[in-house]
Amino acid sequence: MGYRKAETILPPEVVALIQQYVDGEYIYIPRREGKRKSWGETTGCRKETSERNRRIYRDYRAGTRMDELAEKYFLSVKSIQRIVTEEKRKITEETDTA
């Protein structure tokens with residue numbers, strides 16, 4: 001997200017109205033409903049995290065202990081437990097709907 005000068009994109013009367021509320025401050029104008037992007041959609045972080053979680057679950061199923069997974073992936077044991085539980089739930093749901 002970049003900053004744009006209000007006076008270059010908004011009519012002068014709109015700029016004057018906004019200045020009544022925030023004079024010389026930065027404001028964030030959110031996207032309209034339906035135009036918002038979900039977390040990680042733009043950067044690919046969501047996809048990378050999902051792939052990492054699948055690898056963690058695969059390693060767990062192959063016999064790697066949770067403390068070893070925590071060390072390997074630089075996460076807490078609690079996070080590994082949460083990921084394993086969530087991945088197991090996803091697989092169960094996939095097989096139930098198939």
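## Asparagine 53 and its helix

Asparagine 53 sits in helix α3. Helices here are DSSP runs (H or I, at least four residues), and strands are E runs of at least two, numbered from the N terminus. This is a predicted model: local features need pLDDT of at least 70, side-chain atom pairs count only at pLDDT 80 or more, and totals for chains, interfaces and linings use all residues. Residues are numbered from 1 along each chain as its sequence is written, and side-chain values use heavy atoms, with hydrogens and water left out.

Is asparagine 53 buried or exposed? At 12% relative accessibility, asparagine 53 counts as buried. The cut-offs are these: buried means under 20% relative accessible area, exposed means over 50%, and partly exposed lies in between (1.4 Å probe, protein chains only). Asparagine 53 touches Ile83 and Glu87, not counting residues up to four places away in sequence. Contact means heavy atoms within 4.5 Å.

Helix α3 has 17 residues. From its first C-alpha to its last it reaches 24 Å, close to the 24 Å expected at 1.5 Å a residue. The expected span is 1.5 Å times one less than the number of residues.

Which residues of α3 are buried? They are Asn53, Ile56, Tyr57 and Asp59. These cover an arc of only 160 degrees around the axis, which puts them on the same side of α3. The arc is that of the directions from the helix axis to the C-beta atoms. An α-helix has 3.6 residues a turn, so residues three or four places apart point the same way. The buried residues of α3 pack against α4 and α5. The face turned away from this buried side carries the exposed residues Lys47, Glu48, Arg58 and Arg61. Just after α3 comes glycine 63, with a positive phi of about 110 degrees.

## The nonpolar core

The largest nonpolar core has 8 residues: Ile56, Tyr57, Leu69, Ala70, Tyr73, Ile80, Ile83 and Val84. Such a core is a set of buried Ala, Val, Leu, Ile, Met, Phe, Trp, Tyr and Cys residues joined through side-chain atoms within 4.5 Å. Three helices, α3 (45-61), α4 (66-73) and α5 (77-97), each supply at least two residues of this core.

Now take α4. Its buried residues are Leu69, Ala70 and Tyr73. Seen down the axis of α4, they fall within an arc of 100 degrees, so they line one face of the helix. What covers them includes α3 and α5. Leucine 69 is in contact with Ile56, Asp59, Tyr60, Thr64 and Ile80, leaving aside its neighbours within four places in sequence.

## Between α4 and α5

Phenylalanine 74 is in the loop between α4 and α5. Most residues other than glycine have a negative phi. At 76% relative accessibility, phenylalanine 74 counts as exposed.

## Glutamate 87 and its partners

Glutamate 87 lies in helix α5. At 5% relative accessibility, glutamate 87 is buried. Which residues does glutamate 87 contact, leaving aside its neighbours within four places in sequence? They are Asn53, Arg54 and Tyr57. The side chain of glutamate 87 also makes a polar contact with the side chain of lysine 90 (3.3 Å). A polar contact is a pair of N or O atoms within 3.5 Å; within protein, one must be able to donate a hydrogen and the other to accept it, and residues adjacent in sequence count only if both atoms are side-chain atoms.

Arginine 54 is in helix α3. At 47% relative accessibility, arginine 54 counts as partly exposed. The C-alpha atoms of arginine 54 and lysine 88 are separated by 9.8 Å, and the two residues are 34 residues apart along the chain.

## An aromatic pair

How many aromatic pairs does a search of the whole structure find? The search finds 2. In one of them, the rings of tyrosine 3 and tyrosine 26 have their centres 5.0 Å apart and their planes at 45 degrees, so the pair is tilted. Rings of Phe, Tyr and Trp (its six-membered ring) pair if their centres lie within 6.5 Å; planes under 30 degrees apart count as stacked, over 60 as edge-to-face and the rest as tilted.

The pair links distant parts of the chain, 23 residues apart. Tyrosine 3 is in the segment before α1 (6-9), and tyrosine 26 is in the loop between α2 (12-19) and α3. Tyrosine 3 is exposed at 64% relative accessibility, and tyrosine 26 is exposed at 69%.
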